[in-house]
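Please open the structure in your viewer and keep the sequence panel beside it, so that each selection below can be followed in both. The tour goes from one stop to the next, with a short account of what is there.

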Amino acid sequence: MRRRSALAFCVFASLAFVIPPALRAQDVPAAHRLRDLAGVVQASFNHDASRIVARTASGAVGIWDAVTGAPISGDLGLATTGEGFILSPDTRRVVIALPGGGARVFDTASAAALSPRLEFPWHENAQPCAVFSPDGATLVALEAEAAVVFAVSSGERLARLAIPLRGEDSQSGLTAGAIFSASGAHCWLLDRTGVATRYDARTWKPLGSPLRHPSAPSAFDFGFAVSADDRWLATFDSPGENGPKAHLQVWDIATGKAVGKPLVAVNGLAGYFFPDQARILITPARGEATVRELPSLKTSVTIRAHDDVEGPSVKLSPGGQWLLSWGPDRIVRLLDARSGTIKDSQTFHATISQVLLLPDSTGAFLAFDNSAFFLQDHHDHYLVRLRFPQAEVAQVHRFTAQLRHTALSPDGRRLLAIFGETDRERLLLLDAETLQTIEPPRP
């Protein structure tokens, strides 16, 4: 059975230039093509996998045609910035940090500018430092002391919502957060003391009373999740490794009341709501993971740990029918999410570094690190496609350079892989069904 995923971003190279719109793909110098980029640190597909947005270690950010490998100029070209980019939920828009401060929103297909320069500080280490509304029309920028709301098309500041920089404990609260409801009607802000407040996304006025996470004086990080139907909210915290117990509290949004007592675990918890079901997956840093029914919080599924220390790594399939569990024992278990029955399991002999689930819930991709002499720069990595419901190995692709990160297109038909030694990472495109390399045409 498989083990859980580790993130590491990397993929493509520099150069700042603008390609005239009339320039044909075959006329683009080879060094500027997607296949020849090096030093990539971030890359993602757009909504239909026709484009790849990428950033290099040298600070170049651009949009590339995923078929021809040619850069898309539009209003963007390549902007020199070391800060990065964030995609909208539908991946049709991207906000990119600009040289000299501020950011701008671009269309991921045409690279056309969709906003003027938006003035807010870009915090690369924040997760994330800005959040799009579901329709991409609004951007919430998370600054040090406030969340600033922008209308994307005009750049107008719609609101400035104060959030505290730190709680009473100077060590608590590293990352403030924002989450829009699936409909886009509401936006939740979680401050760095663990207080969640709901705002009307038209007027930006608070709705109801703030929800205060159970007292956790040693917690240094808070998180939250909102169900797709905007009925339930979960807040949770982490006191750090070997820290005291952490809490997870479920809330009824309509009443603003806590649902039962907070759940408690050592080292932290996290919660993930099922799509179209009144259920929540709760994963602790230690012990067993569980699926709880709402509002009773009755345990319907228990997912046992893969060792005596760490809790299991668990992912829920997009359709909500499967749970994939893995851990240090290198066993991967596929469970029926409704009954908890183990449908299949496999034992592997390598470390799982990343797991991606197909959007149609028919399988998953697992990245393995089997390197024995990585200090000597000898790497042995594998990307494996599992097919559900048997959890059988369908396809395998081997990398003899370090595999740093993989990403799946929204339609599940393509994969991109960032691989290679530091500062020389490259991008490889794969067919998701066969795991065969997709080669852009040569000029």
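Over which residues does the pLDDT stay under 50, and how many contacts beyond four places in sequence does the model have for them? Select residues 1-31, which are that stretch, and for which the model has 131 such contacts. Where pLDDT is low, the predicted coordinates should not be read in detail. This is a predicted model throughout, and the protein chain averages a pLDDT of 85, with 85% of the residues scoring at least 70.

**The whole chain**

If you count the contacts between residues at least 6 apart in sequence, 45% of them join residues at least 24 apart.

Now select asparagine 46, in the loop that runs between strand 1 (40-45) and strand 2 (51-56). Is asparagine 46 buried or exposed? With a relative accessibility of 0%, asparagine 46 counts as buried. Display its side chain together with that of aspartate 48, and you will find a polar contact of 3.2 Å between the two; a polar atom of the asparagine 46 side chain also lies 3.1 Å from the backbone nitrogen of serine 50. Leaving aside neighbours within four places in sequence, the residues in contact with asparagine 46 are Arg51, Thr91, Thr108, Ala109 and Pro410.

**Two hairpins**

Move on to strand 7 (residues 93-97) and strand 8 (residues 103-107), an antiparallel pair held over five bridges, in which valine 95 stands opposite valine 105. Five residues separate the two strands of this hairpin, and glycine 100 in the turn has a positive phi of about 85°.

Then select strand 19 (residues 245-252) and strand 20 (residues 257-266), which run antiparallel and are joined by seven bridges. Here alanine 246 stands opposite alanine 265, while four residues lie between the strands of the hairpin and glycine 256 takes a positive phi near 70°.

**An aromatic cluster**

Show the rings of Phe120, Trp122 and Phe150, which ring pairs link into a cluster. The ring centres of phenylalanine 120 and tryptophan 122 are 6.2 Å apart, and because their planes meet at 25°, under the 30 degrees set for stacking, the pair is stacked. Phenylalanine 120 is buried at a relative accessible area of 4%, and tryptophan 122, at 12% relative accessibility, counts as buried too.

**A glycine in a loop**

Finally, select glycine 320, which sits in the loop between strand 25 (313-316) and strand 26 (322-326). Which residues does glycine 320 touch, not counting those up to four places away in sequence? They are Phe274, Pro275, Gln277 and Ala337. Although glutamine 277 is 43 residues away along the chain, its C-alpha atom is separated from that of glycine 320 by 8.2 Å. Glycine 320 has a relative accessible area of 4%, and is therefore buried, since that value is under 20%.

Definitions and conventions. Residues numbered from 1 in each chain as written. Predicted model: local features only at pLDDT ≥ 70, side-chain atom pairs only at ≥ 80, totals over all residues. Heavy atoms only, no water. pLDDT = per-residue confidence, 0-100. Contact = heavy atoms within 4.5 Å. Buried < 20%, exposed > 50% of the residue type's maximum accessible area, 1.4 Å probe, protein only. Pairing = 2+ DSSP bridges. Polar contact = N/O pair within 3.5 Å; in protein donor to acceptor, adjacent residues only side chain to side chain. Phe/Tyr/Trp six-rings, centres within 6.5 Å; stacked < 30°, edge-to-face > 60°.
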